[in-house]
Amino acid sequence: MDDWFRATFRGVLNALAGFFNRIGLHPNTMTIMGLVGSISGSVLLGFGHLTIGGFIILISGIFDALDGSMARLREEPTRLGAFIDSVTDRYSDLSIFAGLLAWFIQKQDWLTCGIIYIAAIGTVMVSYVKARAESLGYTAKMGMLSRVERYLVIVPGLVFNIPRVSIWIIAIFANYTALQRIWHVRNQALGLIPSEPDTSIQKLK
């Protein structure tokens, strides 16, 4: 869905990216702003302010979507920029789970705490499997729940104060996505499907 999202909203993203380029912001600045926003929203989650935290995380996600567009419009996408973007994405993702974990520990909801842990594992593994596969010359970009889909699941759950629903969905389908990617790489390794390494500069989703 990440490619579909960027293609569908390319005009809007490019317009916003062009504006931020014109006022002198650097793509890496947007990346850091997105990270700071996610961490700030996550701190609010830890204090139980789920709706406000959810809105801040939503806004930080918009910043995160713009950094790549800004770099492309400047015609200066770099491997370092893609690396920084991917690393900050992982910090952003895990900070959200940390905030939720802090809140549910206070509520002594140990089942949900366990599911948050499983959701965090799935989230990290989705990206790790793709990165490791590409380092070996395989592709692993497919799957049900990449980062865009995870945002579309977690943000409404926070804004509408139904975080458990989102946490369960991510716990199940993020891990399923990781398994999908593992199976896809396995089929490439066995020659059952062709392997076409992605050499473009992209974020690890």
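Predicted model: local features only at pLDDT ≥ 70, side-chain atom pairs only at ≥ 80, totals over all residues.
## Overall architecture

The protein contains eight helices and zero strands. Read from the N terminus, its elements follow the order α-α-α-α-α-α-α-α. The radius of gyration is 17 Å, close to the 17 Å that the globule rule gives for 205 residues, so the protein is as compact as a globular protein of that length. Along the principal axes, the C-alpha atoms fill a box of roughly 50 × 45 × 25 Å.

Contacts between separated parts of the chain can also be described. Among contacts in the protein with a separation of 6 or more, 80% are accounted for by residues 24 or more positions apart.

## Surface and charge

Of the 205 residues, 44% count as buried. The protein exposes about 10600 Å², and carbon and sulfur atoms supply 70% of that area.

The charged side chains comprise 18 positive and 14 negative ones. The centres of these two sets lie 3 Å apart.

Ser42 has its place in helix H3, which covers residues 27–46. Its relative accessibility is 5%, and because buried means under 20% relative accessible area, Ser42 counts as buried. Leaving aside neighbours within four places in sequence, Ser42 is in contact with Ile57, Ser95, Ile96 and Gly99.

Ser69 is found in helix H4, residues 50–73. At 2% relative accessibility, Ser69 also counts as buried. When its neighbours within four places in sequence are left aside, the contacts of Ser69 are with Leu13, Asn14 and Ala17.

How many of the 13 residues of H7 are buried? The count is 11 of 13, and H7 is thus described as mostly covered. The buried residues include the charged Arg147, Glu149 and Arg150, together with Val148, Tyr151, Val153, Ile154, Val155, Gly157, Leu158 and Val159. At 1.5 Å a residue, the 13 residues of H7 should span 18 Å, and the end C-alpha atoms are 18 Å apart, which agrees.

Just after H7, Asn161 takes a positive phi of about 60 degrees. Asn161 is not a glycine, and its place is in the loop between H7 and H8. Most residues other than glycine have a negative phi.

## Gln108 in the loop between H5 and H6

Gln108 is another residue that has a positive phi although it is not a glycine; the value is about 55 degrees. Gln108 is found in the loop between H5 and H6. Is Gln108 buried or exposed? With a relative accessible area of 57%, Gln108 is exposed.

## Helix H8 and the segment after it

Helix H8 runs over residues 163–189 and has 27 residues. From its first C-alpha to its last, H8 reaches 38 Å, close to the 39 Å expected at 1.5 Å a residue. Its buried residues are Pro163, Ser166, Ile167, Ile170, Ala171, Ala174, Thr177, Ala178, Arg181, Val185, Asn187 and Gln188. An α-helix has 3.6 residues a turn, so residues three or four places apart point the same way.

Neighbours within four places in sequence aside, Asn187 is in contact with Leu192 and Ile193. Gly191 lies in the segment after H8 and has a positive phi, near 75 degrees. Gly191 is exposed, with a relative accessible area of 57%. Between the C-alpha atoms of Gly191 and Asp64 the separation is 36 Å, and the two residues are 127 residues apart along the chain.

Definitions and conventions. Residues numbered from 1 in each chain as written. Heavy atoms only, no water. Helix = DSSP H or I, 4+ residues; strand = E, 2+ residues; numbered from the N terminus. Rg over C-alpha atoms; globule rule 2.2 N^0.38 Å. Buried < 20%, exposed > 50% of the residue type's maximum accessible area, 1.4 Å probe, protein only. Contact = heavy atoms within 4.5 Å. Areas by Shrake-Rupley, 256 points an atom, 1.4 Å probe, with all protein chains shown as cover. Charge placed at Lys NZ, Arg CZ, Asp CG, Glu CD. Expected span 1.5 Å × (residues − 1).
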